[in-house]
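Here are my notes on the model, point by point. Have the coordinates open while you read.

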Amino acid sequence: MPIRRWARSSAAVLALPVLTAYLFFVMSRSVDVLEDNWLSATVLVSSAAVLAAGPVCGAAGAWEGARLARGGVDGAAAVRSRAAILAWSLLPILVAALVAMLGGLALAGVAMAGVPGLPDPLVLAVALLVIVAWTLAGFAAGRHLHPLVGVPLLLVGTWLWLAYPAALETFWVRHLTGDNLGFCCETDAVYDQRALYAQAVVAVCLAGAAYLFWSRRRGARLAWAGIAGLPLLAMAVAFPLVRDMGPEAQVPRTSGLACGRSDGVEVCVWREREKQLGTTALIAVPAARRLATGTGQPAPRRVTEGPADGADSWRFAAPPGARPDDVLFGLATGLLPAEPPVCGPGWSGADAYGPLSAWLALTAGAGQDAVERRTGPESLGAARRVLGRPPAAQVRWFRHNLDALRRCDVSPSEVTLP
Amino acid sequence: MPISFQGCAFGHRRGSRVFTRLDLDVPAGRTALIGPNGCGKSTLLGLAASALRPGAGRVSYEGLDPFRRGNLARYRALVGWMPQGIRPLPGLTAREQVGYAGWLKGMSRADAWRRSLEALEAVELGPLADTRCSELSGGQLRRVGLAQTLVHDAEVVLLDEPTAGLDPEQREKFRGIVARIGERGHLIVATHDTADLARTYDSVVLLGRDRVRYAGPVAGLGALAGLGALAGIPGFAGEV
């Protein structure tokens, strides 16, 4: 039978418009806040595709499973293998999911126009695997459930499994589902592969158990052992991978820098921002020298958006479409600790953050208006007062308050206006 | 012998045995399988189709045992089976249904599609090829089922109650089709329709509870009729 004939009667005909509409709805809420890197676009597309196609394909699978059961294909003494019958039944649904995902990628591509790079194939492959697994689960359930029960059960049940864990305080569960809510990745981060592997393991085991459940023969004890054992295997392998992970499945990025030299200093930006390398260098290198002088430390030999040691190399972060003040502010705050120390409730070191940021930004050359917008008038006032002192006094003030940010036993000094 | 049952045992559930030890050779040609309700006619055809697996013993066609490693696909490709209830896949037309059955039987999609129309024409359903199965009458649906067994040119055709529930006109039409099928291969028909057995079939198998009561030429059944052995077979008029 020609493929178009088979596809005509498939649940995919109904599934495609529904899942495409839902996918575009999910994506349209997030596409505007995409980071300027293809990984974040890929994760957004994969998450949206899983959330849209998982439930719809599961429900469509349940319909197809019920259709084959009602058609008596189970006992038809077929020559074709069960795997071939299953594949032929689910092919139109999975093609529909793929088409929807490609549509999502096209939408993301428009938003990412001009950004170098490509979608991450591994992230997309795992998303497809998750969709295949839920389609198979629906198909297996459809063998035994009336469509009036199986279709809504798979539609709602799958959606709950995919969407609900993201709302739980128990973080590891969300990393098993495949729906990452677009939580990854900022430009200076990459996907935590542990989450991808865990999702793949869960999906493969679910697909395997579903296939065994659908294709088992009467009294096949080995099949029942597999059906019961595969979910346990999934948890045994996937849980250790993700149990220590936080809410976001991302880790710091270590590769993908584009570098150039300016006035003896190497300047590196993420390759997605390579076009801005020249202008960034013209701003960042003199600013780094001013900061080195102002803080009483040697000038760095490298200024980078990537990993830095804080001595020879300084780190800065400039958001997508950064303006000069953004670069200066990124460089200035890059000298401050990224995380506060773990102290008791009486710790007051955080009070130093605003004035230090303002003083560093002004030292780097940022305009007062820009600094006030970011730190507020109080911090700007404190920073301006310090700037009126001799350089050595400013260095002392900076070092003392930097210690206050790093240690629990040091209190901030002169961070408020009298 | 085209189909041979040797020491076959089969039970649907624990404690519910249909056959404990069945030995039967079904000769080539057109064979009618008759017997009272519940004697195992459908089970016998299911075993012959390899849709059911015997608990003991073996079924074979020309020496080919379907449940020996590597034989199942080859065996099933040789056998066409129309079960009692024709259950079309929702949404398919008659031709799509027959084409899908051909694909299930191992044909390529293109071959199955081409042959599906020929099979429908053979059962006089050509004009309704593009009608959805859900819109067909019971008799037409049975003919779709028959076309499904013919689409892949099976050497052995097994039909389970093909005329049950049909009106006299459709029965007559069906008998004509069945007779034509029998001319080109081996045919086993489980039936309660015992009218004109001698005209339609070459041989007959009479099943009783857990045993074969008669297997041989249709003419030999007359003696059994005289002994009252055919009592309890619905519709059996006592004439052969």
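**Notes on the two chains**

1. Let's start with helix α10 (residues 277–295) of chain A, which lies across β3, β4 (265–270), β5 and β6 of chain A and runs at about 130 degrees to β4(A). Axes here are lines fitted to C-alpha atoms, for helices over the stretch in contact, and angles run from 0 to 180 degrees between N-to-C directions. Helices (H or I, at least four residues) and strands (E, at least two) are DSSP runs, numbered from the N terminus.

2. Some ground rules: this is a predicted model, in which local features need pLDDT of at least 70 and side-chain atom pairs count only at pLDDT 80 or more, while totals for chains, interfaces and linings use all residues. Residues are numbered from 1 along each chain as its sequence is written, with chains lettered from A and ligands numbered from 1 in the order in which they are written.

3. Back to the strands under that helix. In chain A, 4 strands make an open sheet in the order β3-β4-β5-β6, with mixed pairing. β3 (257–262) and β6 (313–315) of chain A are the edge strands, each pairing on one side only. From one strand to the next the twist averages 20 degrees. Pairing needs at least two bridges found by DSSP between two strands; β5 (residues 302–304) of chain A has 3 bridges to β6(A), and the two run parallel. A:Thr304 stands opposite A:Arg315 in β6(A).

4. Is A:Arg290 buried or exposed, or in between? This residue is found in helix α10 of chain A, and it counts as partly exposed because it has 18 C-beta neighbours inside 10 Å. For reference, buried takes 20 or more other C-beta atoms within 10 Å of the residue's own, exposed takes 12 or fewer, and partly exposed is in between, with C-beta atoms placed from the backbone. Leaving aside neighbours within four places in sequence, A:Arg290 is in contact with A:Thr363, A:Ala364 and A:Gly365; contact means that the C-beta atoms, placed from the backbone, lie within 7 Å.

5. Next, helix α11 (residues 324–333) of chain A. Buried residues make up 7 of its 10, so the helix is largely enclosed by the rest of the structure. They are A:Val327, A:Leu328, A:Phe329, A:Gly330, A:Leu331, A:Ala332 and A:Thr333. The cover over them includes α10, β5, β6, α12 (353–364) and α13 (368–375) of chain A.

6. On domains: chain A is split into domain 1 (3–252), domain 2 (254–319) and domain 3 (336–418), with bounds from an automatic or database domain assignment. The C-alpha centres of domain 1 and domain 2 of chain A lie 42 Å apart. Their contact takes 8 residues from domain 1 and 9 residues from domain 2 of chain A.

7. Because 10 of the 13 residues of α5(B) are buried, the helix is largely enclosed by the rest of the structure. Those buried residues pack against β5 (79–82), α3, α4, β6 (156–160) and α6 (168–184) of chain B.

8. What about β6(B)? The strand is mostly covered, with 5 of its 5 residues buried. B:Val156, B:Leu158 and B:Asp160 lie on one side, and B:Val157 and B:Leu159 on the other. β5(B) runs parallel to β6(B), joined by 4 bridges, and B:Trp81 stands opposite B:Leu158. Strand β7 (residues 186–190) of chain B is also parallel to β6(B), with 5 bridges; here B:His186 is the bridge partner of B:Val156.

9. Last, the interface. Contacts link 23 residues of chain B with 15 residues of chain A. On the chain B side, α2 (72–78), α3 (94–104) and α4 (109–122) each supply at least two residues, and the largest share, 5 residues, comes from α3(B).

Methods:
Contact = placed C-beta atoms within 7 Å.
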